[in-house]
Amino acid sequence: MRGKSPGADASAKKQARKKSDGGRQRSAMGSVLSLLGAFVATSMALGLLFAGLLIPATGLAGASVKGGVKEFDDMSGTLTENALSQQSKILAKDGSVIATPYDENRIVVPSSAIPKVMKDAQVAIEDERFYDHGALDQRGILRAVAANLVSSSTQGASTLTQQYVKVAAQRAAIESGDKEEAKKAVAQHGTDAYVRKIKQLKMAVELEKTHTKDQILTSYLNLVFFGDGTYGIEAASQHYFGHPAKDLTLPEAATLAGVVNLPGSTDPVHNPKAAVKRRNIVLEKMIKQGRVSKADGEKAIASPLQTHVTNIAGGGGCQGSKYPYFCDYVTDWVADQPALGANRKERLAKLKTGGLTIQTSLDPKKMSALDSNLKKRVPVGNGADVQAAGVIIEPGTGLVQAMSQNAKYDVAGSNHFSTSVDWVRSGFPIGSTAKIFAIVEAMRQGRAVDSTVNVPAMNGTKDGRPVYNFTSKTFPGQCGQGAGNWSVGNDHPVPSGPMSLSKATAESVNTAFGALVASLGPCKVRDTFKLMGVQARDLKTGGWRDIRRDPSSIVLGSDSSSPMMMANAFATVAADGKYCAPRPVVSIKQANGKPVALKVEPCKQVISQQEARGTAEIFTHVFDSDGTASDAKLADGREAFGKTGTVDGSLHTWFVGSTKQLSTAVWVGRGFDNKNPIKNVSIGGKHIGTFLYGGDIAAPVWKATMDTISKGMPKAKLAEPDKATKQGDEVSVPDVKGKSEADAKSTLEKAGFLVTVSKQNSGDVSGGQAFKTDPAAGQKLGKGKKITLYVKP
């Protein structure tokens with residue numbers, strides 16, 4: 001049997017496709033003819049057709065018309081009028097605009113905010129008989145049908161109501177994700193054009209039954225695109241002319257009315273000549289229709305195009321904001337608010353479309369002071385490749401009032417608030433600012449402000465420097481040293497023996513704090529970090545984790561945290577132990593003015609009032625003449641407490657300090673991959689000859705900023721701790737006369753004293769026995785106080 005040739009197969013397939021396509025075309029034409037029959041029937045019912053008038057479809061028999069009428073009656077006439085996408089506003093504390101997030105730059109306004117001159121101009125150019133006809137204009141239909149008889153295209157006869165229906169239907173289809181339906185909603189040719197016209201005619205008829213003319217016109221003016229990224233009359237007026245729509249003049253209104261039909265080629269920014277030409281056409285129509293006097297109209301025609309182009313603050317997102325990093329912080333915070341949506345995607349969509357008003361805590365004056373002082377001393381792009389960041393938080397509320405960094409804002413990655421740098425909320429080793437957590441824990445365990453810590457004598461060297469080698473015996477357990485030594489040195493020579501907590505803090509004596517944390521329990525100190533809201537950045541997940549369990553992280557801050565967390569930890573102390581989670585938002589209102597229920601972590605008392613006051617008292621000595629920030633004492637005797645911090649190699653330096661009203665953290669260091677020590681460099685006109693320390697730049701930035709922003713504020717004093725917190729629980733000194741040195745020392749230490757042994761060849765005891773103490777047995781002395789034990793050699 002002979003097989004068929006390839007050519008025969010191809011021919012057969014071609015015929016089959018042709019037959020199939022023809023069937024589909026006949027089916028589609030049948031549907032269109034049926035709907036056109038409905039169009040005829042409806043038009044006749046509305047008195048729009050006259051004897052002898054033909055429409056561009058022949059062969060519409062009675063049955064077809066009857067079927068079409070039924071199909072038309074069954075067709076949905078409901079227009080989906082979704083809430084219009086409009087810009088949200090992020091406001092600073094003083095009401096100024098930080099940013100206006102939006103998908104569509106639109107501000108929805110009521111009819112009362114749109115002047116009559118604007119409404120008249122739009123009607124004049126688009127539908128001069130708008131107030132005289134219903135959903136359809138019989139004159140327009142007659143004109144369009146006659147034109148369509150001799151043309152393959154479908155000429156429009158749309159009323160303004162139909163125009164609104166068309167744009168609203170397209171927008172609804174786009175928002176629902178139906179791209180095909182969106183395309184059909186504005187089809188101009190072929191089958192889809194006739195079907196679209198008839199469907200939208202039905203919607204327009206139904207709309208005019210439920211809406212007034214003014215409601216339709218107002219909705220239209222709020223909906224349509226006015227070119228150059230603006231939607232709706234209010235945003236267009238503000239963008240092109242710099243004022244609200246209610247203040248539009250006659251030539252301005254005519255200009256905007258002319259843009260709507262061809263926004264891409266007649267907007268006054270990119271096409272000023274075309275805009276003027278189109279404006280004058282609108283004005284001529286307004287004169288002809290009697291909507292303006294001839295004199296006023298001709299004066300407007302003769303006037304030059306006068307625009308005042310204004311880009312709304314924020315430019316639609318954080319990149320255009322004056323405070324882009326703070327804007328990102330707000331965006332991130334809003335994305336976690338459950339009242340705005342089921343997930344982050346929905347909440348961010350709400351931010352861009354919901355017309356929210358977000359009142360933030362950012363204070364522009366404080367922001368200006370922080371930003372200028374930071375960038376003055378650590379300029380953007382400085383030759384030393386040193387970066388800086390700072391944040392100001394209000395104690396007792398957690399409200400973030402300012403945040404700055406010496407960087408050029410740049411969006412990185414797909415996450416729009418994940419910028420190339422975000423140092424205020426990033427993690428860096430915190431150095432000796434970590435010592436505040438040891439002091440807080442000491443206060444919690446009943447240590448007195450006036451108590452002492454025993455500074456161990458150096459027992460080794462490392463890199464040519466004297467060190468004390470802490471071992472697992474000193475630091476046992478989960479948060480201990482484990483194998484090997486932990487070698488700790490100081491930045492200056494420090495004598496061994498008892499030292500007050502205040503002096504150890506003022507001079508930032510590392511070995512003293514090693515001994516203190518060992519006695520308190522390193523895991524307990526680590527728990528205090530978390531209690532006060534301080535964690536470390538997890539570089540793997542991008543989230544946060546607890547501080548590492550090793551002594552170096554717990555005692556000397558070799559693990560990382562953020563300037564924001566550190567500022568807030570000091571704010572907790574300033575607020576008498578009340579912790580309030582940092583946040584940038586005070587309130588959010590919906591477009592209708594109703595408040596949004598915010599998910600805000602309630603403030604809580606995490607350390608007692610006296611523990612906080614005792615801690616603050618100790619950290620005021622950092623400003624003493626022998627303190628690490630002696631030059632950073634605030635002007636006019638304003639009281640504050642704080643702490644410097646410096647990491648090995650000076651890669652990260654800090655100053656964190658607070659008054660009763662404001663807590664500020666400043667970080668200066670390497671923000672990128674440069675791991676070279678910061679020494680022998682010039683930064684902002686200051687030469688750093690040796691290593692950079694927290695007192696060199698970070699502390700001066702803190703002082704200059706705090707002096708500026710505190711002016712005019714009451715000089716709120718730091719409350720003193722009570723006598724028990726300051727002096728400790730007083731106990732009687734035990735009588736240890738005649739005991740061996742070891743027993744006597746053990747007895748005194750169990751009583752809570754720090755013991756120093758002095759050997760003297762005197763007393764009526766045997767060699768190796770204690771013969772007295774200073775203070776003497778029976779005297780009252782606070783726990784943690786130092787006592788001298790005298791032993792006969």
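1. Buried means under 20% relative accessible area, exposed means over 50%, and partly exposed lies in between. The model discussed here is predicted. With 1% relative accessibility, Cys479 therefore counts as buried. Its disulfide partner is Cys523, a residue that is partly exposed because its relative accessible area is 26%.

2. The sulfur atoms of Cys479 and Cys523 lie 2.0 Å apart. The value about their S-S bond is 100°, and the link is right-handed. This pair joins distant parts of the chain, 44 residues apart: Cys479 belongs to the loop between strand E11 (465-470) and strand E12 (486-488), whereas Cys523 belongs to helix H20 (residues 522-531).

3. How many disulfides does the structure hold? There are three. When the bonded cysteines are counted along the chain, the disulfides follow the pattern 1-2, 3-4, 5-6.

4. Cys318 and Cys327 form another disulfide, with a sulfur-to-sulfur distance of 2.1 Å. Is this link left-handed or right-handed? The torsion about the S-S bond is about -75°, so the disulfide of Cys318 and Cys327 is left-handed. Cys318 has a relative accessible area of 8% and is therefore buried. Cys327, at 0% relative accessibility, is likewise counted as buried.

5. A further disulfide connects Cys580 and Cys603, whose sulfur atoms are 2.1 Å apart. It is right-handed, with 120° about the S-S bond. Here too the pair links distant parts of the chain, 23 residues apart: Cys580 sits in the loop between strand E17 (578-579) and strand E18 (585-589), and Cys603 in the loop between E18 and strand E19 (604-605).

6. Are Cys580 and Cys603 buried or partly exposed? Cys580 is buried, because its relative accessible area is 2% and the cut-off for buried is under 20%. Cys603 has a relative accessible area of 35% and is therefore partly exposed.

7. Turning to strand pairing, strand E23 (residues 679-683) and strand E24 (residues 686-691) run in the antiparallel sense and pair over four bridges. Which residue of E24 is the bridge partner of Lys679? That partner is Phe691.

8. E23 and E24 together form a hairpin, with two residues between the strands. Gly684 lies in the turn and has a positive phi of about 55°.

Notes. Residues numbered from 1 in each chain as written. Predicted model: local features only at pLDDT ≥ 70, side-chain atom pairs only at ≥ 80, totals over all residues. Heavy atoms only, no water. Pairing = 2+ DSSP bridges. Disulfide = S-S within 2.5 Å. Buried < 20%, exposed > 50% of the residue type's maximum accessible area, 1.4 Å probe, protein only.
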